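These are my notebook entries on a single chain. I record what I looked up and in what order.

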Amino acid sequence: MNMPTSIYDELELRAYLQDDKVELVEGATDRPLFDIRANQYIESKRMCKKCTGGQGCRTKGIMTRMHDDGELYVLKCGLYGVWRNQKDLEKVTLRANIPTSYAETTLENYEKRTIESEKAHAYMITLANNESTQGAYIFGASGLGKTHLAIGLLKKRMERGRTGLFVVVPELMESLRRCLREGGDDFEILQALYNVDCLVLDDLGAEKATEWVAERLYLVINQRYLSNSMTIITSNCTLQEVKERLGEQGKRITSRVLEMCKIIQLKGEDYRRMKAKGER
């Protein structure tokens with residue numbers, strides 16, 4: 001090749017081409033800009049050899065390879081794609097207040113072990129893939145995957161550009177009670193719950209609420225009903241039990257839930273207990 005050695009070394013190029021089983025056709029090296037293409041090709045190969053799994057990729061997952069006629073073509077790196085998807089999932093998890101223990105939770109890795117869980121999973125997939133804002137009230141004993149389904153749906157909606165928030169109801173109640181004790185303003189807390197496209201209220205009915213806190217819960221659920229916003233609720237309790245635990249506001253809350261959510265009951269054995277016993 002009659003090429004400037006300052007751009008690339010001919011032997012180095014030949015070695016790289018041999019790795020890719022490329023044999024340049026006659027006259028390819030005499031084409032205009034071939035030296036620039038060859039330089040781009042070598043730099044791409046050098047970076048790929050130092051690959052750390054995507055984090056340090058300077059080309060954002062774009063690789064260049066060379067045809068036997070000396071032209072470059074572009075490939076997307078699958079390894080970088082996996083890393084990028086994981087990073088996007090981590091951002092969604094942080095933004096939505098999802099606990100780190102659910103960082104890997106998706107609808108895809110939900111285990112459908114009963115007829116009820118299959119139907120519940122199918123409904124979550126439906127909600128994830130269409131524009132419906134109907135919600136779900138998922139109830140049943142502990143360890144059946146209620147929270148898994150809710151978080152899996154939340155992540156799917158956020159991946160499609162929606163805003164979302166995961167809230168554990170007992171923790172929310174404590175935050176509201178603290179505001180009351182300290183004479184603070186719960187406006188920002190309530191506004192965050194009003195405004196997101198998809199809200200998950202986890203573990204509703206786990207404890208009795210004061211009338212003041214129950215009233216705040218009703219405000220949240222009613223506002224979301226009025227704005228036609230998706231709300232997913234999980235609970236160990238039936239709606240009747242929730243109504244009894246929430247006092248005077250319980251009837252109003254459960255009435256709204258019936259209007260805005262599909263009622264889904266999960267049955268079966270505690271997954272976590274089965275896993276601990278090695279019965280999976």
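What percentage of the 280 residues of the chain count as buried? I worked from a predicted model, and in it 42% of the residues count as buried.

**Entry 1. Overall make-up.** I looked up the secondary structure and found 11 helices and seven strands in the chain. I then turned to contacts between residues at least 6 apart in sequence, and noted that 76% of them join residues at least 24 apart.

**Entry 2. Helix H7.** I went to residues 187-195, which form helix H7, and found Leu190, Leu193 and Tyr194 buried. Looking down the axis of H7, I saw that the buried residues fall within an arc of 105°, so they line one face of the helix. I next asked which exposed residues are carried on the face of H7 turned away from its buried side. They are Glu188 and Asn195. For the buried residues of H7, I listed the packing partners: strands E4 (164-168) and E5 (198-202), together with helices H6 (169-181) and H8 (211-226).

Entry 3. I looked up Arg177, which lies in helix H6.

**Entry 4. Helices H4 and H5.** Two packed helices are described by the angle between their axes and the distance between the axes, so I looked up both values. The axes of H4 (residues 115-129) and H5 (residues 146-159) come within 9 Å and cross at roughly 20°. That angle makes H4 roughly parallel to H5, since angles under 35 degrees count as such. I noted the crossing of H4 past H5 as right-handed.

Which residues make the contact? On H4 they are Ala120, His121, Met124, Leu127 and Ala128, and on H5 they are Leu149, Leu153, Lys156 and Arg157.

Methods. Residues numbered from 1 in each chain as written. Predicted model: local features only at pLDDT ≥ 70, side-chain atom pairs only at ≥ 80, totals over all residues. Heavy atoms only, no water. Buried < 20%, exposed > 50% of the residue type's maximum accessible area, 1.4 Å probe, protein only. Helix = DSSP H or I, 4+ residues; strand = E, 2+ residues; numbered from the N terminus. Arc of directions from axis to C-beta. Contact = heavy atoms within 4.5 Å. Axes fitted to C-alpha atoms, helices over the stretch in contact; angles between N-to-C directions. Parallel < 35°, antiparallel > 145°, perpendicular 65-115°, else oblique. Left-handed = near helix turned anticlockwise from the far one by under 90°.
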